[in-house]
Amino acid sequence: MTIACPACNNTDQVELKETYQDKQEIVWQLIECCDCGVQFWHSDKSYDFVYETDQVFYSNGILQNKLAVESNDPPWHLRQFLQHPPHSQSRNRTLLDIGCGEGLFLSKAAVLGYKVWGIDPNPRAIQMAREYLKLDQVFISDLNRFARTKPAPFDVVTAFEVLEHQKKPREFLDQIKTLLKPGGYFALSLPNRLRYRGRIEEPWDYPPHHWTRWDPSALRRFLESAGFQIIQHRLDPPVERLMPYLNLGIGSKLLARQITGSTQRLEGVKGPNSHLPLIKRLMIIKDRIQRRMLYPLAQLFKLLGYAGGTQYALAKKKFIEQGES
Ligand SMILES: [Zn+2]
């Protein structure tokens, strides 16, 4: 096979791991690069469907995002950055979030003091970010188009659950490097392909949604070979995986009712309410109790060899690269 790895451009050492036929009857091959360890989907047919503008599929998170804004409980991968930001003094530092969606992360990063920018190809998500979270530097764009506007380099670039959607991850990372100041930080999250022992059964981990699969060592190699120094690299603990199973959604429904007036009607919402302290507080307390309750079960999962489902990494762009003067 002469197929180039999209992460390291290696062409001579690849191994077929799995095949998959999609709804259009296109046959895909999951190939592992023996050089860098990344797995990627390959087909001989060209494929034009652009998933990012599939607004129905990618707008389902809007209510969840509103709830997360209101309840102050963003998902694990966002908390890793927000609880351990790379700058102790972030005032006036600039941050670009690629694939910012409705702006949940940006709104929290702004509270830390960052001057936030965001891009996302989904127009509805950007509209929500502007109208609901009052973010102004958010744009309907992909990374290439945004980079062509030659913005001033950023202190931080983030891309949560984005890398695995890229057909050309190497080009994507190189583009991010050009947008970062020397010594700037890149934070990202993506699925851990070792989360299942057998075949992955989640439909979104197949084309046209995810194009690559990464284990922890492939991710590290990828970042380091591009001149980044890894500052943090974590897998989510088992308790995070178990949390949704204990969620009856009662608190969420109450909160949704408060936010929207009805759990059904989501349009025309004017902005986060600041007068919901009691429900917010109750939800935070409930989550804490849930995490404690799940702890013994989570330990059992660990003993059974459970691997984390999500990887989070924070990497620093080196000041001077080898080979540069
Ligand atoms: Zn490779």
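Colleague: What makes β6-β5-β4-β7-β8-β11-β10 the order of an open sheet with mixed pairing?

Modeller: In this predicted model, where local features need pLDDT of at least 70, side-chain atom pairs count only at pLDDT 80 or more, and totals for chains, interfaces and linings use all residues, seven strands form the open sheet in that order. Residues are numbered from 1 along each chain as its sequence is written. Strands are DSSP runs of E of at least two residues, and helices are runs of H or I of at least four, numbered from the N terminus; two strands pair if DSSP finds at least two bridges between them. The edge strands are β6 (138-140) and β10 (228-235), each of which pairs on one side only.

Colleague: Why is the unit of β7, α7 and β8 called right-handed?

Modeller: A crossover is called right-handed if, with the strands pointing away from the viewer, the path from the first strand over the helix to the second runs clockwise, and β7, helix α7 (residues 169-179) and β8 make a unit of this hand. Six bridges join β7 to β8 (residues 180-191), and these strands run parallel.

Colleague: What makes β7 mostly covered?

Modeller: A residue is buried if 20 or more other C-beta atoms, placed from the backbone, lie within 10 Å of its own, exposed if 12 or fewer do, and partly exposed in between; six of the seven residues of β7 (residues 154-160) are buried. In the protein, 34% of the 325 residues count as buried.

Colleague: How do you know that the buried residues of α5 line one face of the helix?

Modeller: The buried residues of α5 (residues 123-131) are A125, I126, M128 and A129. Seen down the helix axis they fall within an arc of 155 degrees, so they line one face, the arc being that of the directions from the axis to the C-beta atoms.

Colleague: What makes the set that includes A129 and L188 a nonpolar core?

Modeller: Such a core is a set of buried Ala, Val, Leu, Ile, Met, Phe, Trp, Tyr and Cys residues joined through C-beta atoms within 7 Å; the largest one has 63 residues, with A129 and L188 among those with the most contacts inside it. Strand β8 gives the most to this core, with six residues.
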